[in-house]
Amino acid sequence: MDKLLLPSGEEEERSEHSSYAPGEAKRTMWDRVKTLFQGILRSNLKGFLKRNGLLTLSIIAVITGCTLGFMLRGTHLSTQAKIYFSFPGELLMRMLKMLILPLITSSLMSGLSSMESKACCRIGVLTVTYYLWTTFIAVVVGIVLVLIIKPGVGTEMESNRLGGGPVMTSADALLDLIRNMVPSNLIEATFQQYKTDLIPILKVQARTVQSNFVYVFPDESDPKGRTVYLELTPPPDVTYKTSPGSSQQMNVLGIVVFSATMGLLLGRMGERGAPLISVCQCINECVMKIINAAVWYFPFGIIFLVAGKILDMQDPSTLGKKLGWYGITVLAGLFVHGLILLPFFYFVLTKKNPFTYIRGLLQAMVIALATSSSSATLPITMKCLLENCNVDRQIARFVLPVGATINMDGTALYEAVAAIFIAQVNDYELDFGQLVTISITATAASIGAAGIPQAGLVTMVIVLTSVGLPPDDITLIVAIDWILDRFRTMINVLGDALAAGIIAHLCQKDFPRSGAGKPVPSYGTQTPHAHNNSHSVNVPMTEFHKDCMFETMGDSADGSHAHTVYYNICQV
C-alpha cells in the first residue's frame with residue numbers, strides 16, 4: 001500500500017525537473033501567438049501581392065516618377081538629356097499604341113460575328129444611347145460648377161498671344177467627323193485621318209489714283225511750305241479656302257465602323273466566313289498574351305514617363321496663381337461625375353456595388369493616369385474587365401473599342417469648363433441660349449476627339465467659335481492642360497468600363513450562362529453549347545484544354561471544374 005501511495009526516487013527526480021514555471025508557460029504561449037500571427041500575416045500579404053502585385057507596383061511607380069521628376073528639376077537638364085531620360089517611357093507608349101489596331105479589329109470582328117442580329121442591334125442602341133447620355137450629363141456638371149465657382153473672374157490676361165489664324169468652322173469639323181467614319185483608304189486609315197486644311201488666299205487691292213495723305217513741311221525757300229504726297233498701300237484681304245488634308249493620327253473611328261460592319265456580315269455568312277473569324281479569334285488571343293507578358297514592363301516605363309513630363313512642366317507656383325481655381329473646377333467636376341454620378345448610374349441599373357466593380361479597374365486607371373491616352377489604355381482595360389470584373393467577353397469586345405472612340409465624358413466636361421472660363425476672362429456674358437449651344441457643341445466635339453494626349457485642345461476651337469469666343473485664348477490653358485488631361489483620361493476609361501458592366505447586366509439574357517450562373521467565357525473560341533444563333537458558324541472543332549492564361553476567369557482555378565474549349569481548325 002505504501003508503494004502505491006509514496007512516489008519513488010525516480011518519480012521525485014522527474015517531478016523536480018518538470019516543475020511548473022509560469023514565465024516559461026507565458027513565453028511558450030506568446031511564441032505560439034506570434035507564430036500564428038506571422039503565419040496569418042504572411043499568407044494574407046502573399047495573397048494580396050498575388051492579386052494586386054502589378055497594381056501596387058504601378059502606384060509605387062507613379063509616386064516614384066513624381067518624386068524623381070521634382071528632384072531633377074533643379075539640375076536643369078538639356079533638351080537632349082530629357083529625351084534620353086524619357087526613352088523608357090516612350091517605349092511604353094509605343095508598345096501600347098502598337099496593340100491598338102489589332103485589338104480593335106480582332107475584338108469587333110470576332111465579337112460581333114458570334115452574336116445574333118437582334119442582340120447586336122440591342123447592344124449597339126443601348127451602348128450609344130448610354131454614352132451620349134453620360135457625356136451630356138458630364139457637360140451639364142461642368143457648366144454648373146464653372147458658373148458657381150467662377151474661376152475666370154479676376155484672372156489676368158496673357159500679353160503674349162498667338163496671332164489670328166485660320167479657324168475651322170463647326171460645319172467643317174462635323175463633316176470631317178463623318179468623312180472619317182467612311183475612310184477612302186483602309187490602309188491609310190491605320191496611320192492618318194482626314195482633316196480639312198484652310199489655305200490662305202491674299203487679295204491685293206488695286207493702287208489708288210489719289211494720294212491718301214498730304215503733308216505740308218516748312219521750307220526756308222518757300223514761305224508757303226513744301227507739299228509732300230504720301231500714298232499708303234492698303235493691307236491685302238486674306239480669305240481662306242478649304243482643301244482636303246490629313247493629320248498623322250490613326251483614324252480609330254473609321255476602323256471601328258469598318259470592323260463592326262465586317263463582324264456583322266461575317267456572322268451572316270455562315271461557313272464561308274469561318275476562316276476569317278478564326279483568324280480574328282487567334283489574333284485577339286495573341287494580343288492578350290502579349291499584354292500579359294508586357295504588363296510587367298509598365299511600372300518601369302511609368303517612372304520615366306511621369307518624371308519626363310514633370311521635367312518639361314513650367315513653374316508650379318506660377319501655374320497655381322494663374323490657373324489654380326480653373327484646375328480645381330475641372331478636378332471637382334471630374335470627381336463629381338466619375339466617383340458619384342457614374343457609380344450611381346451603375347447601382348441604379350444593375351443593383352450591384354459599383355465600388356467593388358471599380359476596384360478591379362484600378363490597374364487600367366493607373367495606366368490611364370500615366371499615359372494620358374484612352375486608346376493606349378484599351379488593352380489594359382480589356383484585361384481588367386475579363387479577369388477582374390468577369391464581364392462577358394463578347395460584350396467587352398464591342399463596348400470598349402466603341403467607348404474608347406466616342407465616349408469622352410472627361411473631355412466633354414473639360415471643354416465646357418474651359419469655354420466658359422475663357423468667356424469669364426474676357427468679361428463676356430453668356431446667355432442661356434449660348435450655354436445650351438456650348439453643352440450641345442461640347443458633347444458633339446468630344447465624340448470626334450481622338451483618344452490621344454491633349455486631343456481636347458484641337459476640338460476646343462469648335463466649342464469656342466460656336467459662341468463667338470476668340471480661339472487664340474486657348475493659349476491661356478495650355479500650360480496646365482497636360483495635368484488635367486491625365487485625370488480626364490481616367491474618367492474616360494472609367495466610363496467605358498462601367499458602361500460595359502451595365503450593358504452586360506442589361507443584355508445578360510442574350511448570352512448563354514453556365515451552371516454556376518456566370519457567362520460562359522469563350523476566350524475567342526466557340527463551345528458546342530454556346531450559340532443558338534441561326535447564323536452561327538458551324539465548322540469542325542478540335543478539343544483542347546483551357547489555356548492557363550485565363551485560369552482566373554474560369555469557374556475554378558484549381559482545375560476541378562475546368563471546362564473544355566473547342567478551337568476552330570480551318571483549312572483554306
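V146 lies in helix α7, in what is a predicted model. With a relative accessibility of 0%, V146 falls under the 20% cut-off and so counts as buried. Setting aside residues up to four places away in sequence, V146 touches P151, T329, V417, I420, F421 and Q424.

How far apart in sequence are V146 and G333, and how far apart in space? They are separated by 187 residues in sequence, while their C-alpha atoms are 8.8 Å apart.

## T134, another residue of helix α7

Helix α7 covers residues 117-149, and T134 is found in it. Is T134 buried or exposed? Its relative accessibility is 0%, so T134 counts as buried.

If you click on T134, look for its partners from elsewhere in the sequence. Leaving out neighbours within four places, T134 is in contact with H337, L342, F345, N407 and D409.

## On either side of α7

Two loops are worth a look here. M115 sits in the loop between α6 (100-113) and α7. M115 has a relative accessibility of 5% and therefore counts as buried. M115 and L264 are 149 residues apart in sequence, yet the distance between their C-alpha atoms is 8.1 Å.

K150 belongs to the loop between α7 and α8 (170-181). Its relative accessible area of 47% makes K150 partly exposed.

Most residues other than glycine have a negative phi. Which value does phi take at K150? K150 has a positive phi of about 55°, although it is not a glycine.

S372 is a second case to inspect. Phi of S372 is positive as well, near 60°, and this residue too is other than glycine. S372 is placed in the loop between α15 (362-371) and α16. The relative accessible area is 2% for S372, which is therefore buried, whereas K150 is partly exposed at 47%.

## How α16 packs on α17

Two packed helices are described by the angle between their axes and the distance between the axes. For helix α16 (residues 374-387) and α17, the axes come within 10 Å and cross at roughly 160°. That angle is over 145 degrees, so α16 is roughly antiparallel to α17. The crossing of α16 with α17 is right-handed.

By class, this contact has eight nonpolar, three polar and two charged residues. On the α16 side the residues are S374, S375, L378, T381, M382, L385 and L386, and on the α17 side they meet R393, A396, R397, L400, P401 and A404.

## How α10 packs on α17

Helix α17 (residues 393-406) also has helix α10 (residues 252-269) beside it: their axes come within 9 Å and cross at roughly 150°. α10 and α17 are therefore roughly antiparallel to each other. What is the handedness of the crossing of α10 and α17? It is left-handed, while α16 passes α17 in a right-handed crossing.

Which residues of α10 meet α17? They are V252, L253 and V256, and their partners in α17 are P401, V402, T405 and I406. By class, the contact of α10 with α17 has six nonpolar residues, one polar residue and no charged ones.

Helix α12 (residues 298-311) has 14 residues. From its first C-alpha to its last α12 reaches 20 Å, close to the 20 Å expected at 1.5 Å a residue.

## The chain as a whole

Stepping back, the protein chain holds 21 helices and six strands. Of its 572 residues, 45% count as buried; among them are V146, T134, M115 and S372.

Contacts can also be sorted by separation in sequence. Among those between residues at least 6 apart in sequence, 83% join residues at least 24 apart.

Note on methods. Residues are numbered from 1 along each chain as its sequence is written. This is a predicted model: local features need pLDDT of at least 70, side-chain atom pairs count only at pLDDT 80 or more; totals for chains, interfaces and linings use all residues. Side-chain values use heavy atoms; hydrogens and water are left out. Axes are lines fitted to C-alpha atoms, for helices over the stretch in contact, and angles run from 0 to 180 degrees between N-to-C directions. Helices (H or I, at least four residues) and strands (E, at least two) are DSSP runs, numbered from the N terminus. Angles under 35 degrees count as roughly parallel, over 145 as roughly antiparallel, 65 to 115 as roughly perpendicular and the rest as oblique. A crossing is left-handed if the near helix is turned anticlockwise from the far one by less than a right angle, and right-handed if clockwise. Contact means heavy atoms within 4.5 Å. Ala, Val, Leu, Ile, Met, Phe, Trp, Tyr, Cys and Pro count as nonpolar, Asp, Glu, Lys and Arg as charged, and the others, Gly among them, as polar. Buried means under 20% relative accessible area, exposed over 50%, partly exposed in between (1.4 Å probe, protein chains only). The expected span of a helix is 1.5 Å times one less than its number of residues.
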